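These are my notebook entries on a single structure, written in the order in which I looked things up. Each entry takes up one topic.

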Amino acid sequence: MKDMLRRHRAPGRIIWIGLRSERLADLAEVESCQLSVSGLEGDHARPGKRAVTLIQAEHLPVIASLAGLDQVTPQMLRRNIVVQGINLSALRNITICLGEALIAITGPCTPCSRMETTLGFGGYNALRGHGGWCGSVLVPGRITLGDKVFLQD
């Protein structure tokens, strides 16, 4: 079982990075940034279990469907990093490499009440179970669009 839990078809990759300069600010898309213990440089995050938030690209169409929308963007969901090609929920409590950085997936990133405004009636529940994951930064480093996402050996 232990071996199966560490097997993934292939590494994932970073396909979107967003920063919020302050708590309620819109997210600005960037191609690259430094990931420090306090989160993404230029983001309002703080050190700890929620220093960075991640979501799978594969969940965006699911959320859109559940919310009755044609499309949902990362900016709407207010997550920092969108990854594609690897199951983030299978990485909980595992150290993973994001570009030059190492992070630990610490737990689910639960939706906030703002999702009712952003996604419309039922938006909060559309995001439940698909809202992404929080992470703490173990080793700072630079992350860039296209960087691989994989388990640390």
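**Entry 1**

Which residue of E6 does Ile 14 stand opposite? I looked up the pair in this predicted model and found Val 83 in E6. The pairing between E1 and strand E6 (residues 81-84) is antiparallel and consists of four bridges.

I then followed E1 to its other partners. Strand E2 is joined to E1 by three bridges, again antiparallel, and there Leu 19 stands opposite Ala 28. Strand E11 (residues 148-151) pairs with E1 in the antiparallel sense over two bridges, with Gly 12 opposite Val 149.

I also checked the exposure of E1. Six of its eight residues are buried, so E1 is largely enclosed by the rest of the structure.

**Entry 1. The sheet containing E3**

I recorded an open sheet of three strands in the order E4-E3-E10, with antiparallel pairing. Its edge strands are E4 (39-40) and E10 (141-144), each of which pairs on one side only. Between strand E3 (residues 32-36) and E4 I noted two bridges. In this pairing Ser 36 stands opposite Gly 39 of E4.

**Entry 2. Salt bridge**

How many salt bridges does the count come to? The count comes to one. Side chains of opposite charge can pair when their charged atoms come close. Here the partners are Arg 20 and Asp 43, with the closest N and O atoms 3.4 Å apart. Arg 20 lies in the loop between strand E1 (12-19) and strand E2 (28-30), and Asp 43 in the loop between E4 and E5, so the pair ties together parts that are 23 residues apart in sequence. I checked the accessibility of both partners: Arg 20 and Asp 43 are both buried.

**Entry 3. Cysteines**

I searched the whole structure for disulfides and found zero. To see why, I looked up the sulfur separations, bearing in mind that a disulfide requires two cysteine sulfur atoms within 2.5 Å. For Cys 33, the closest cysteine sulfur belongs to Cys 97 and is 16 Å away, which is too far for a bond. For Cys 112, the closest is that of Cys 109 at 8.6 Å, also too far for a bond.

Are Cys 33 and Cys 134 buried or exposed? Cys 33 is buried, at a relative accessible area of 5%. Cys 134 is buried too, at 2%. Cys 112, by contrast, counts as partly exposed, at 27% relative accessibility.

I gave Cys 134 a further look. This residue lies in strand E9 (residues 133-139). Beyond its sequence neighbours up to four places away, Cys 134 touches several residues, among them Lys 49, Arg 50, Val 52 and Thr 53, as well as Ile 105, Pro 108 and Cys 109. Val 52 is 82 residues from Cys 134 in sequence, yet the two C-alpha atoms are 5.8 Å apart in space.

Which residues of helix H2 (residues 60-67) are buried? I noted Leu 60, Ile 63, Ala 64 and Ala 67. They cover an arc of only 100° around the axis, which puts them on the same side of H2. The face turned away from this buried side carries the exposed residues Pro 61, Ser 65 and Leu 66. The cover over the buried residues of H2 includes strand E5 (52-56) and the helices H3 (74-77), H4 (114-119) and H5 (123-127).

Just after H2, I found that Gly 68 takes a positive phi of about 75°. Further on, Thr 73 is placed in the loop between H2 and H3. Thr 73 counts as partly exposed, at 21% relative accessibility. I looked up its separation from Ile 63, which is 10 residues away along the chain: the C-alpha atoms are 9.9 Å apart.

**Entry 4. Confidence**

Lastly, I consulted the pLDDT values. The chain averages 91, and 97% of the residues score at least 70. Which elements have the lowest and the highest mean pLDDT? Helix H1 (residues 2-5) has the lowest, at 70, and E10 the highest, at 98. Where pLDDT is low, the predicted coordinates should not be read in detail.

Technical notes:
Residues are numbered from 1 along each chain as its sequence is written. This is a predicted model: local features need pLDDT of at least 70, side-chain atom pairs count only at pLDDT 80 or more; totals for chains, interfaces and linings use all residues. Side-chain values use heavy atoms; hydrogens and water are left out. Buried means under 20% relative accessible area, exposed over 50%, partly exposed in between (1.4 Å probe, protein chains only). Contact means heavy atoms within 4.5 Å. The arc is that of the directions from the helix axis to the C-beta atoms. Two strands pair if DSSP finds at least two bridges between them. A salt bridge is a side-chain nitrogen of Lys or Arg within 4 Å of a carboxyl oxygen of Asp or Glu. pLDDT is the predictor's confidence in each residue, from 0 to 100.
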